[in-house]
Amino acid sequence: MKLISPDGAHQRVFIEGKPLYAFDPEKELASQQKAAKEKLRELLGKEPEKVEANIRVEFTKEFDDFVEKRIRFTVEKDVDAIGHLWLPKKAEGKVPCFVCLQGHSTGMHISMGRAIYPGDEKSIGGGDRDFAVQCIKHGVAAFSLEQRAMGERIIPMEGDTEDTPTRPRCHVPSMNALLLGRTMIGERVWDVSRAIDVLVTFPEIDGDRIGCMGNSGGGTTTYYAACMEERIRLAVPSCAVCSYKDSIGAMEHCVCNFIPHIAENFDMGDLALTIAPRKLIVVSGLHDPIFPQPGVQKEFATIKSVFKAAGKEENCRLIVGGEGHRFYAKEAWEAIEEML
């Protein structure tokens, strides 16, 4: 049946079209990887000019199991980022470190297991989103990074008070990024790279064992950051990797998920060309309604084929938890401990 709306045309292209940079197991791998990396860099938009990080430790606190440092640093001219670095006390020598990224929540404090606003406790306890707490439990350092347009990095709005929940406000900065030839995902990926610049200055951190993990919008940034940032040795994106047709192309998602021309050139599995042979653990929920399993399974099959072509099929793993849109700490950390 023909539709009056544009959806019929969009779905036809999704179904019939083949991305221009789709992985082809019959072609030489290295040239595909190089081309995919160059194209994705272009699609993510103009990169900011790199400036001095101007690292400032705003405070240091001692806890039973870790030392916490609140760090402010410059990611580009006129823009600072913030994060909390947790260093495990019992570690001997340099330790691996994960950049921990929350999705559309009230902020990075969720990664630290700290409930501040109504609903935070459910987000933490009901979804294993306390990534930094998990890291310390496993003897790993954690850097909880506040993403652009979330938490403490939102645009103030009229009527805001100190008690106003820090709900995500992605729309305006995402649209402005597009007006300037950028994308919000590209900017968040840039911030992850700048965070790694900061982390490797700390003598406690093993710069050869940097990871990145996040759920939902944090998982999205994790995946694209791993595509672009080779210092990420292990990426753990949760509830984010799925076919475009079945996820962000099938229903309403925040505008920060969208990259112009991405589906014309790639599906999410093809982007593994820019990650392999580094390590990747894809986490998903069996009943996740916004990143559904058919699309996850399809794209992971491509990911597995890419890693097989790279001679490192063992370096990718799919974890499917039994519930919905959340992280699955027990299952994920079993794989992380094997691969970190």
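The model is predicted, so to speak of local features a pLDDT of at least 70 is needed, and side-chain atom pairs count only at pLDDT 80 or more, while totals for chains, interfaces and linings use all residues. Residues are numbered from 1 along each chain as its sequence is written, and side-chain values use heavy atoms, with hydrogens and water left out.

Nine strands form an open sheet in the order E1-E2-E3-E5-E4-E6-E7-E8-E9, with mixed pairing. Strands (E, at least two residues) and helices (H or I, at least four) are DSSP runs numbered from the N terminus, and two strands pair if DSSP finds at least two bridges between them. At the edges stand strand E1 (56–62) and E9, each of which pairs on one side only. On average, neighbouring strands of this sheet are turned by 20° against each other, direction ignored; the axes behind this angle are lines fitted to C-alpha atoms, for helices over the stretch in contact, and angles run from 0 to 180 degrees between N-to-C directions.

Within this sheet, strand E3 (residues 79–88) has antiparallel partners. Strand E2 (residues 66–76) is joined to E3 by 10 bridges, and the two run antiparallel. Glutamate 76 stands opposite valine 79 in E3. The hairpin of E2 and E3 has two residues between the strands, and there aspartate 78 takes a positive phi near 75°. E3 also pairs with strand E5 (residues 141–145), in the antiparallel sense over four bridges, where histidine 84 has serine 144 of E5 as its bridge partner. Eight of the 10 residues of E3 are buried, so this strand is largely enclosed by the rest of the structure. Here, buried means under 20% relative accessible area, exposed over 50%, and partly exposed in between (1.4 Å probe, protein chains only).

Strand E7 (residues 232–238) runs parallel to E8 and is joined to it by three bridges; alanine 235 has leucine 280 of E8 as its bridge partner. Six of the seven residues of E8 (residues 279–285) are buried, so E8 is largely enclosed by the rest of the structure. E8 and strand E9 (residues 316–321) pair in the parallel sense over six bridges, and isoleucine 281 stands opposite arginine 317 in E9. Between E8 and E9 the chain passes through helix H9 (residues 293–309) in a right-handed β-α-β crossover; right-handed means that, with the strands pointing away from the viewer, the path from the first strand over the helix to the second runs clockwise.

Turning to the spaces, the largest pocket holds about 640 Å³. Among the 29 residues that line this pocket, the closest to its centre are Phe14, Pro19, Ala263, Phe266 and Asp267. Helix H1 (7–16), helix H8 (262–265) and H9 each supply at least two residues of the pocket lining. A pocket, on a 1 Å grid over the protein atoms alone, is an open set of points where a 1.4 Å probe fits, with protein on both sides within 12 Å along at least five of seven lines; lining residues have an atom within 4 Å of a point. Grid points are joined across faces, edges and corners, and a volume is the space filled by probe spheres set on them.
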